[in-house]
Amino acid sequence: MFRSRSKDEQAAPAKVTADQPQQPRDPQAPKGRPTPKRSEAQAHRRTRAHTPANRKEAAKAQREARRADMARQREALANGDERYLPVRDKGPVRRFARDYVDSRWSVAEFFLPMAVVILVLTMVRVPSIQSIALLMWLVIIVLIVLDSALIWFRLGKLLRERFPNDNLKGVKPYAVMRTLQMRRLRLPKPQVKRGQRP
């Protein structure tokens with residue numbers, strides 16, 4: 001049971017493992033190479049785990065590439081170049097939604113200026129003016145909700161007519177969110193004039 005193996009017994013498993021490399025190696029079979037010295041194994045490990053000497057240069061190049069991509073993206077947002085737009089704004093469906101929003105007046109784009117006026121009115125210590133300001137809050141919010149619902153349904157209908165086979169997921173919320181921005185602050189910049197049909 002604990003006797004040493006003969007040379008024939010040791011050679012037989014070696015032939016089997018050479019013929020069938022896909023099977024796991026028998027733990028008692030010879031491995032076919034000498035065990036490396038500890039110093040050699042440590043040196044080999046160090047060379048494998050050694051980080052490249054130009055890591056700083058690689059990081060710098062990566063930063064430069066990212067900066068160039070961002071600059072291209074900013075330029076595309078300013079002039080509407082489809083090639084370099086972010087994924088969120090790419091494609092003819094998103095472009096149509098932007099043009100539809102930009103070609104019309106919407107209540108939501110005047111929310112910020114109106115909010116400033118209403119806040120100033122609420123600071124006045126006259127109760128009648130403060131109640132008017134609160135009423136204005138209510139009116140502006142109701143108008144924004146109604147206008148957004150109108151855009152949602154009309155744009156949905158137009159999209160189904162023009163792009164019946166395209167993926168329309170997320171386009172209507174994208175358009176409604178665009179109405180909340182003032183026209184001059186919208187990105188990508190508006191490509192159509194007001195009243196111009198997209």
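Among contacts in the protein chain (heavy atoms within 4.5 Å) between residues at least 6 apart in sequence, 61% join residues at least 24 apart. The model is predicted, so that local features need pLDDT of at least 70 and side-chain atom pairs count only at pLDDT 80 or more, whereas totals for chains, interfaces and linings use all residues. Residues are numbered from 1 along each chain as its sequence is written, and side-chain values use heavy atoms, with hydrogens and water left out.

The protein chain has seven helices and zero strands, both taken as DSSP runs numbered from the N terminus (helices: H or I, at least four residues; strands: E, at least two). Along the sequence the pattern reads α-α-α-α-α-α-α. Of the 198 residues in the protein chain, 22% are buried; buried means under 20% relative accessible area, exposed over 50%, and partly exposed in between (1.4 Å probe, protein chains only). The protein chain exposes about 15,300 Å², of which carbon and sulfur atoms supply 60%. Accessible areas come from the Shrake-Rupley method with a 1.4 Å probe, and for residues only the protein chains shown count as cover.

Helix packing is described by axes, which are lines fitted to C-alpha atoms, for helices over the stretch in contact, with angles running from 0 to 180 degrees between N-to-C directions. Angles under 35 degrees count as roughly parallel, over 145 as roughly antiparallel, 65 to 115 as roughly perpendicular and the rest as oblique. A crossing is left-handed if the near helix is turned anticlockwise from the far one by less than a right angle, and right-handed if clockwise.

The axes of helix H5 (residues 111-123) and H6 come within 8 Å and cross at roughly 160 degrees, which makes H5 roughly antiparallel to H6. The crossing of H5 and H6 is left-handed. On the H5 side, the contact is made by Phe 111, Met 114, Ala 115, Ile 118, Leu 119, Leu 121 and Thr 122; H6 contributes Ile 129, Gln 130, Ala 133, Met 136, Trp 137, Ile 140 and Ile 144. Twelve residues of this contact are nonpolar, two are polar and none is charged. In this division Ala, Val, Leu, Ile, Met, Phe, Trp, Tyr, Cys and Pro count as nonpolar, Asp, Glu, Lys and Arg as charged, and the others, Gly among them, as polar.

Helix H6 (residues 127-162) also packs with helix H7 (residues 171-179), the axes coming within 10 Å and crossing at roughly 140 degrees. H6 and H7 are therefore oblique to each other, and their crossing is right-handed. Ser 148, Ile 151, Trp 152, Leu 155, Gly 156 and Leu 159 of H6 meet Val 171, Lys 172, Pro 173, Ala 175, Val 176 and Thr 179 of H7. The contact of H6 with H7 comprises eight nonpolar, three polar and one charged residue. Buried residues in H7 are Val 171, Tyr 174, Ala 175, Val 176, Arg 178 and Thr 179, and their cover includes H4 and H6.

H4 and H6 pack at an angle of about 140 degrees with their axes 11 Å apart, which makes H4 oblique to H6. This crossing of H4 and H6 is right-handed. Val 93, Phe 96, Ala 97 and Tyr 100 in H4 meet Ile 151, Arg 154, Leu 155, Leu 158, Leu 159 and Arg 162 in H6; eight residues of the contact are nonpolar, none is polar and two are charged. H4 is mostly covered, with nine of its eleven residues buried. The buried residues of H4, among them Arg 94, Arg 98, Asp 99 and Asp 102, pack against H6 and H7.

Asp 89 is located in the loop between helix H3 (55-79) and helix H4 (92-102). Asp 89 counts as buried because its relative accessibility is 0%. Leaving aside residues up to four places away in sequence, Asp 89 touches Leu 77, Arg 94, Arg 98, Tyr 174 and Pro 188. Pro 188 lies in the segment after H7 and is joined to Leu 187 by a cis peptide bond with omega of about -10 degrees. Most peptide bonds are trans.

Ala 76 is placed in helix H3 and counts as buried at 1% relative accessibility. With residues up to four places away in sequence not counted, Ala 76 touches Asp 81, Tyr 84 and Leu 85. Ala 76 and Pro 86 are ten residues apart in sequence and 8.8 Å apart in space, C-alpha to C-alpha.
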